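This briefing goes through one protein model by topic, from its overall make-up to individual residues. Please keep the sequence and the structure in view while reading.

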Amino acid sequence: MKKSKLAIVFSILALIFIIGFSGLYFYVSTKISPEEIRKLTISELQKIFPHAEINLGKIDYSIGLTVKLKAEALSMKYPRGGQKYNLFEVKDFNVYIPIMSIIKTSGTIRIAVENPKLGYYEFTNGNSWTLAMGKGKEGAAGAADKSAGAGAGGESPSTMALPAIMGQIFMNLQISNMVVYYESKDQKRGNILIEKMLIKNININTATAFEVSSALTFSSREKEKLNEIKLYLLAIGEVAVDQYLKTGDLKVNSMVKISNIEHPTIKGTSPTIESKVD
């Protein structure tokens, strides 16, 4: 008799759990609109990079104990002189949001990005990133950049309006196998392969910690001759995101350690280099 009563109690508890989880699932599903998320993402990125062309493909989602968003084809380009310079491009990426974070509008979100391509180009009045943000020197090129971003909203980072919810959300960004293409003002160009990068607790009200623990490959070409340097980089530190959004000044405190340097001119074991940057 006791066993049967116990079975009834467990059955009732299981039923309550199923009903509760089903209700929670329904509630969360009504709170998610992939198209609205896509539009909001583009809108917020456009506020930070008013002079960039930003495109984001469709967003799909699945729900378990964590909501998984899969976004397709994010690209950011800086238009200049009839050309479009790549700032950032990735085929797809995933965002993981705990259900309780959606209900409480707070918590930690994890973003995983694989195989992105990042471009960095230098010009006489700035680089592609600062110009896309509207922070380059004024001039003919600067005027052209402004017209390219007309209608996008040209708030500076220190004055741009971010949703209030962002102050309650923390984000962890995990990047793997990122290729950085760079081109300097004197036409030197090359690639950097970063195998792993982790940025923790991204939040507009606090400092953000970062860690780069990766083998790096620097490839450049001069007069059709390929130069390649390989090394292992460990960089740990923090970026004062809150101060940057208030003043526009970016402050970074970090410790950098470089080891296992490989280059044709280096014979034997390379020295380990450590430095503090602030």
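The protein contains six helices and 13 strands, and the model that shows them is a predicted one. Of its 278 residues, 34% count as buried, and the accessible surface comes to about 16,700 Å², of which carbon and sulfur atoms account for 59%. When contacts between residues at least 6 apart in sequence are considered, 55% of them join residues at least 24 apart.

**Nonpolar core**

- The largest nonpolar core is made up of 50 residues, and those with the most contacts inside it are Leu74, Phe93, Val113 and Ile194.
- Strand S4 gives the most to this core, contributing seven residues, and S4 itself spans residues 83–98.
- In soluble globular proteins, nonpolar side chains tend to be buried together.
- Once its neighbours within four places in sequence are set aside, Leu74 is in contact with Leu45, Ile54, Asn55, Leu56, Phe88, Glu89, Val90 and Phe93.

**Helix H2**

- Helix H2 has 15 residues and reaches 22 Å from its first C-alpha to its last, which is close to the 21 Å expected at 1.5 Å a residue.
- Ile42, Glu44, Leu45, Gln46 and Lys47 are the buried residues in H2, and what covers the buried residues of this helix includes strand S1 and strand S3 (66–80).
- One of these buried residues, Leu45, is also among the contacts of Leu74.

- Because Glu44 and Lys47 are three residues apart in helix H2 (residues 34–48), about one helical turn separates them.
- An α-helix has 3.6 residues a turn, so residues three or four places apart point the same way.
- Glu53 counts as partly exposed because its relative accessibility is 29%, whereas Lys84, at 53% relative accessibility, counts as exposed; the cut-off for exposed is over 50%.

- His263 has its place in the loop between strand S12 (252–262) and strand S13 (273–277).
- With a relative accessible area of 23%, His263 is partly exposed, given that buried means under 20%.
- Although His263 and Asn227 are 36 residues apart along the chain, their C-alpha atoms are separated by 8.6 Å.
- Leaving aside neighbours within four places in sequence, the residues in contact with His263 are Glu228 and Ile229.

Terms used: Residues numbered from 1 in each chain as written. Predicted model: local features only at pLDDT ≥ 70, side-chain atom pairs only at ≥ 80, totals over all residues. Heavy atoms only, no water. Helix = DSSP H or I, 4+ residues; strand = E, 2+ residues; numbered from the N terminus. Buried < 20%, exposed > 50% of the residue type's maximum accessible area, 1.4 Å probe, protein only. Contact = heavy atoms within 4.5 Å. Areas by Shrake-Rupley, 256 points an atom, 1.4 Å probe, with all protein chains shown as cover. Core = buried A, V, L, I, M, F, W, Y, C linked by side-chain atoms within 4.5 Å. Expected span 1.5 Å × (residues − 1).
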